[in-house]
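Below are some notes for a colleague who is opening this model for the first time. Please read them with the structure on screen.

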Amino acid sequence: MMGKSINCQVYNRLKDDILFLNLEPGTAVSVQKLADLYGTSRTPVREAIVRMQQEGLVEIIPQVRTNISLFSIDRIREEQFVRHSLELQVVEGLVKNCTPLVIDTLENIIAIERRACQRQNVPEALALDNRFHRTLFEAAGHTMACDLVEASNTHSDRLRYLSMSRHDAIPKVTELYDQIVAAARQRDGETICSLLKQHLRNWHHEIVTLRQMYPAYFEQTG
């Protein structure tokens with residue numbers, strides 16, 4: 001039991017270090033150095049790295065090196081396709097099930113996310129951003145679909161963290177979320193779909209900006 005607990009702790013810490021860019025894209029890592037950093041043996045670190053590889057966050061070149069994966073534009077587009085496709089599908093259920101409690105929950109998440117932004121607590125803001133989207137899925141009765149999105153969103157989550165670190169990105173996002181909640185209150189599914197599509201377009205523009213600002217973080221294409 002203790003072993004499982006240590007393995008879980010090391011996995012979570014490594015994933016957080018990758019997600020929050022403490023280990024930057026392209027950085028070379030080793031089992032021994034990470035074990036020393038986390039104060040543990042090599043085994044849980046090795047197992048965590050294998051899981052990170054399966055999630056697309058680590059690139060292992062056997063007998064050569066292990067790197068934190070660069071941002072892959074192709075993967076990010078695929079992740080966003082999955083998320084956007086599923087999110088649009090939940091709008092009908094959201095409109096049907098949008099109770100005052102759901103509205104209050106969404107508004108509370110937005111307010112807390114704004115406060116996190118003011119404190120420049122980007123990890124908390126990202127968690128709340130994810131919570132907002134999860135609430136849309138849960139209200140529509142599609143929790144499993146949200147689980148699928150979150151499990152496959154590893155590159156996008158890192159890039160969203162980088163975007164939020166610029167601090168000017170969060171106010172734009174929460175303003176759009178306000179509009180989504182207002183439309184949900186009116187049970188206006190058409191407007192919600194339009195706003196979600198706008199959210200995706202805005203994200204595509206943000207990806208271009210981030211790629212220009214941090215070229216070393218991205219895979220080279222063409």
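1. Which residues does Tyr11 touch, not counting residues up to four places away in sequence? They are Ala48, Arg51, Met52 and Glu55, where contact means heavy atoms within 4.5 Å. Tyr11 has its place in helix H1, residues 2–19; helices (H or I, at least four residues) are DSSP runs, numbered from the N terminus.

2. A word on the source. This is a predicted model, in which local features need pLDDT of at least 70 and side-chain atom pairs count only at pLDDT 80 or more, while totals for chains, interfaces and linings use all residues. Residues are numbered from 1 along each chain as its sequence is written, and side-chain values use heavy atoms, with hydrogens and water left out.

3. Tyr11 is buried, at a relative accessible area of 9%. Buried means under 20% relative accessible area, exposed over 50% and partly exposed in between, with a 1.4 Å probe and protein chains only. Between Tyr11 and Ile110 there are 29 Å in space, C-alpha to C-alpha, and 99 residues in sequence.

4. Helix H4 covers residues 73–89; its 17 residues should span 24 Å at 1.5 Å a residue, and the 24 Å between its end C-alpha atoms agrees. The expected span is 1.5 Å times one less than the number of residues.

5. Which residues of H4 are buried? They are Ile73, Ile76, Glu79, Gln80, Arg83, His84 and Glu87. Because their arc around the axis is only 125°, they lie on the same side of H4; the arc is that of the directions from the helix axis to the C-beta atoms. Asp74, Glu78, Phe81 and Gln89, on the other side of H4, are exposed.

6. The buried residues of H4 pack against several helices, including H7 (122–140) and H11 (189–213). H4 and H7 pack at about 45°, their axes 9 Å apart. This makes H4 oblique to H7: angles under 35 degrees count as roughly parallel, over 145 as roughly antiparallel, 65 to 115 as roughly perpendicular and the rest as oblique. Axes are lines fitted to C-alpha atoms, for helices over the stretch in contact, and angles run from 0 to 180 degrees between N-to-C directions. Arg83, Leu86 and Glu87 in H4 meet His133, Leu136 and Phe137 in H7.

7. His199 lies in H11 and counts as buried at 19% relative accessibility. Not counting residues up to four places away in sequence, His199 touches His133, Val173, Leu176 and Tyr177. H11 has 25 residues and reaches 36 Å from its first C-alpha to its last, close to the 36 Å expected.

Definitions and conventions:
Helices (H or I, at least four residues) and strands (E, at least two) are DSSP runs, numbered from the N terminus.
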